Amino acid sequence: MADLQIEVDKDKDLTTIDVTGIVTADDISNAITNFYKNPTQFVIFDADNCQLNELSAVDLEKATKLIAQVKAHQSKGKTAFVMPKDDFSLGVLFEGLTKIENLPREYRSFTSHEEAERWIEQHCM
């Protein structure tokens with residue numbers, strides 16, 4: 001089970017979610033359901049210090065479908081995923097799935113928190 005530490009910066013309309021531990025499909029579903037109750041426009045989901053080997057492409061597809069069903073997700077925004085280098089392909093796969101689902105947010109994957117922050121801050125400041 002993963003541990004999620006959530007920090008919200010209301011001035012920047014930014015939520016940072018730091019994840020540690022082993023991430024499961026249930027963890028992702030819970031994070032989506034809880035986050036999109038009151039979303040910020042910008043999100044950095046930092047999974048660089050966790051294990052993603054429990055996730056499959058099917059789990060990511062289910063996650064994108066769940067996001068599409070959450071009504072509070074209708075706003076535009078940007079979500080950056082910071083992925084371990086060995087699992088970067090999961091982030092790229094998720095980006096593609098969000099485009100197939102035609103989700104209104106823009107999703108990008110990075111291998112460092114600094115890169116993710118730069119991408120978010122292009123529109124956040």
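Two strands pair if DSSP finds at least two bridges between them. I began with that rule, and I note that the model I examined is predicted.

**Entry 1: the strands**

I looked up the partners of strand β2. I found that β2 and β3 pair in the parallel sense over 8 bridges. In this pairing, Ile22 stands opposite Gln51 of β3.

I then turned to β1. Strand β1, residues 2-9, and strand β2, residues 14-22, pair in the antiparallel sense, over 8 bridges. I recorded Thr15 in β2 as the bridge partner of Val8. The two strands β1 and β2 form a hairpin, and 4 residues lie between them. In the turn, Asp13 has a positive phi of about 55°.

**Entry 2: Asp18**

I located Asp18 in strand β2. Is Asp18 buried, partly exposed or exposed? I read a relative accessible area of 34% for Asp18, so this residue is partly exposed. Setting aside neighbours within four places in sequence, I found Asp18 in contact with Asp3, Leu4, Gln5 and Asp46. I also checked Asp18 against Asn34: the two are 16 residues apart in sequence, and their C-alpha atoms are 15 Å apart in space.

**Entry 3: helix α1**

I listed the buried residues of α1 as Asp27, Ile28, Ala31, Ile32 and Phe35. They cover an arc of only 130° around the axis, and therefore they lie on the same side of α1. An α-helix has 3.6 residues a turn, so residues three or four places apart point the same way. I next asked what the buried residues of α1 pack against. I found β1, β2, β3 (42-51) and α2 there.

**Entry 4: helix α3**

I compared the span of α3 with the expected value. Helix α3 covers residues 88-100, which is 13 residues, and reaches 19 Å from its first C-alpha to its last. This is close to the 18 Å expected at 1.5 Å a residue.

Which residues of α3 are buried? I noted Leu90, Gly91, Phe94, Glu95, Leu97 and Thr98. Seen down the axis of α3, the buried residues fall within an arc of 165°, so they line one face of the helix. On the face of α3 turned away from its buried side, I found the exposed residues Ser89, Lys99 and Ile100. The cover over the buried residues of α3 includes α2 (57-69), β4 (78-82) and β5 (106-110).

I followed the chain onward from this helix. Just after α3, Asn102 takes a positive phi of about 60°. Arg105 lies in the loop between α3 and β5. I looked up the exposure of Arg105 and found a relative accessible area of 5%. Buried means under 20% relative accessible area, and Arg105 is therefore buried. I also recorded that Arg105 and Val82 are 23 residues apart along the chain, with 16 Å between their C-alpha atoms.

**Entry 5: the largest pocket**

I turned to empty space. Rolling a probe the size of a water molecule over the atoms shows where empty space is left. I found about 270 Å³ of space in the largest pocket. The largest pocket is lined by 17 residues, and Ile6, Ile17, Ala31, Asn34 and Phe35 are the closest to its centre. I traced the lining to its elements: β1, β2 and α1 (25-35) each supply at least two residues. Which element gives the most to the lining of the largest pocket? It is α1, with 5 residues.

**Entry 6: the cavities**

How many cavities of 30 Å³ or more does the count give? I recorded 2. The largest cavity holds about 360 Å³ of space. I noted 22 residues in the lining of the largest cavity, with Ile28, Ile32, Phe45, Phe81 and Phe94 nearest its centre. Two or more residues of this lining come from each of α1, β3, α2, β4 and α3. The largest share of the lining of the largest cavity comes from α1, at 4 residues.

**Entry 7: looking back**

Definitions and conventions. Residues numbered from 1 in each chain as written. Predicted model: local features only at pLDDT ≥ 70, side-chain atom pairs only at ≥ 80, totals over all residues. Heavy atoms only, no water. Expected span 1.5 Å × (residues − 1). Buried < 20%, exposed > 50% of the residue type's maximum accessible area, 1.4 Å probe, protein only. Arc of directions from axis to C-beta. Contact = heavy atoms within 4.5 Å. 1 Å grid on protein atoms, 1.4 Å probe; cavity = no way out; pocket = protein on both sides within 12 Å on 5 of 7 lines; lining within 4 Å. Points joined across faces, edges and corners; volume = space filled by probe spheres on them.
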